[in-house]
Amino acid sequence: MSQRTERRGIHVDQSDLLCKKGCGYYGNAAWQGLCSKCWREEYQRVRQKQIQDDWALAEKLQREEEAAYASSHGAQTQSHPQSSFEEKKTNEKTRKVTTVKKFFSPSSRTAPKKETQEGKTPSPSISRHASFETDQVTKDFVDFLKNLQKPGREIHKQCRAFIVNMSSKKDLSADELSECVQDFYQNMADRLMSHFKGSSESVEQVMDQVEKYIMTRLYKSVFCPETTDDEKKDLATQKRIRALHWVTIQMLCVSMDEEIPEVSENVVKAITDVIEMDSKRVPRDKLRCITSCSKHIFSAIRITKNEPASADDFLPALIYIVLKANPPRLQSNIQYITRFCNPSRLMTGEDGYYFTNLCCAAAFIEKLDAQSLNLSPEEFERYMSGQASPRFNSSEVDWSQTGPAPPVTNPVLAQLNHNLELLSGLSSRQETLMEAAQSLQADLLSWPEGVQREVNNILEKYPLEILPREVSAIDANNMDNDNLPPPLTPQVFAG
């Protein structure tokens with residue numbers, strides 16, 4: 001077979017179309033001139049090399065931390081007694097080294113090899129199929145790091161190595177997991193600070209992307225872990241909030257008038273935001289939901305009072321919103337943010353302030369009693385047990401003196417009342433229709449019996465008599481036969 005062919009006047013050498021590995025199959029330009037089989041082999045080789053590089057980087061980090069610890073420990077024995085600040089810094093360094101030793105202990109390095117011998121992948125995070133959200137976050141993280149060039153590659157390697165080691169640490173408690181993540185944040189921030197020469201804004205941007213990438217990959221293993229009682233606390237909090245459904249806005253002294261349409265709209269948005277918090281994976285995104293909820297609360301208070309809201313007005317309103325929303329897994333979300341959020345975000349800025357208020361609201365709901373609502377213990381117990389309700393306690397209101405209820409100005413409540421009236425009318429019409437249908441069914445069942453009874457009565461009263469039938473000639477009783485002409489006689493004519 002000729003090694004050259006001609007296509008539309010262009011000479012093409014078939015040897016250029018074959019796989020570069022020389023296997024005899026045709027290659028593909030999208031696969032760097034390799035066939036599908038050679039491309040898969042090359043991909044597996046590069047992948048294994050990347051994993052080995054990650055382990056090498058992890059061991060290198062361990063050696064650097066141990067060397068730093070040894071140098072600081074040696075300097076401490078030769079120097080004079082340190083100040084409280086230097087002593088605190090040394091203790092912090094010791095804690096970090098201890099955490100790194102936990103990560104890169106010999107057991108963690110041998111565990112993946114043992115799984116490989118058994119035919120398993122080195123890490124569950126590599127073998128499992130990532131969700132669409134995880135894939136998208138990974139793609140965004142890689143695209144972001146491309147702008148940093150060489151530092152970006154180092155950051156990516158460190159993050160991958162950290163995720164691999166975290167995935168292999170299944171027996172750590174929640175506090176130990178939090179400590180590992182916080183130490184990684186601190187080490188990464190220190191390296192970035194030296195790279196960007198003290199530019200805190202650039203460091204914060206990179207750390208936000210690092211947090212988003214790491215916590216999206218580790219979310220399933222670190223959110224509400226089995227080693228904690230977070231799930232039990234979630235159920236207790238939800239049960240507690242359901243039992244407090246009777247708490248009114250007046251009992252909490254909240255400065256919001258929900259009959260104003262703009263206020264009612266902000267209240268609905270605040271409830272939606274605090275519920276949406278559970279659907280987010282990244283601690284920063286959960287904080288954004290809390291911040292958005294808090295801003296809607298401030299807007300509602302400002303519209304009601306026609307003046308800027310104060311901190312004293314905000315916390316009771318936030319408690320009221322949490323009681324109305326009953327957000328899912330509230331305690332787990334609070335613990336997740338506390339354990340794995342970037343500490344600089346929690347300690348500074350409006351996000352940290354609003355999150356602190358949410359924690360206070362959750363603690364207040366857990367300890368809420370009669371004194372907190374200016375109620376007597378007897379009233380509080382009746383409301384909690386469901387024996388009475390402050391909204392519909394007719395014994396405390398004399399409707400004959402108060403007159404008709406004021407018109408509802410809130411469009412949402414007006415529509416709700418209109419729908420209730422329609423449902424009430426439909427219910428009465430349905431009852432009337434059902435009564436008519438049952439009466440018609442009874443009439444239909446009794447009608448055949450009545451018809452049969454009437455027929456029998458008529459037959460008894462007027463019995464049917466069948467007289468014998470007399471047979472006679474057709475013209476026997478015809479009296480006019482004599483007046484008829486004689487019948488015609490046929491005549492024959494000779495031709």
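These notebook entries record what I looked up in a predicted model.

**Basis.** I number residues from 1 along each chain as its sequence is written. In this predicted model, local features need pLDDT of at least 70, side-chain atom pairs count only at pLDDT 80 or more, and totals for chains, interfaces and linings use all residues, while side-chain values use heavy atoms, with hydrogens and water left out.

**T134.** I placed T134 in helix α5, residues 132-146 (helices are DSSP runs of H or I, at least four residues, numbered from the N terminus). T134 is buried, at a relative accessible area of 2% (buried is under 20%, exposed over 50%, partly exposed in between, with a 1.4 Å probe and protein chains only). Leaving out residues up to four places away in sequence, I found T134 touching T216, R217 and R281 (contact means heavy atoms within 4.5 Å). T134 and R217 are 83 residues apart along the chain, yet their C-alpha atoms are separated by 6.5 Å. With R281, the side chain of T134 makes a side-chain polar contact at 3.3 Å (a pair of N or O atoms within 3.5 Å; within protein, one must be able to donate a hydrogen and the other to accept it, and residues adjacent in sequence count only if both atoms are side-chain atoms).

**S167.** I located S167 in helix α6, residues 150-168. S167 is buried at 9%, and its side chain reaches the backbone oxygen of I163 at 2.8 Å.

**Cysteines.** I searched the whole structure and found zero disulfides (cysteine sulfur pairs within 2.5 Å). For C289, the closest cysteine sulfur is that of C293 at 9.3 Å, too far for a bond. C289 is buried, at 7% relative accessibility. C360 is also in no disulfide, the nearest cysteine sulfur, in C359, being 6.9 Å away; C360 is partly exposed at 38%.

Technical notes
Helix = DSSP H or I, 4+ residues; strand = E, 2+ residues; numbered from the N terminus.
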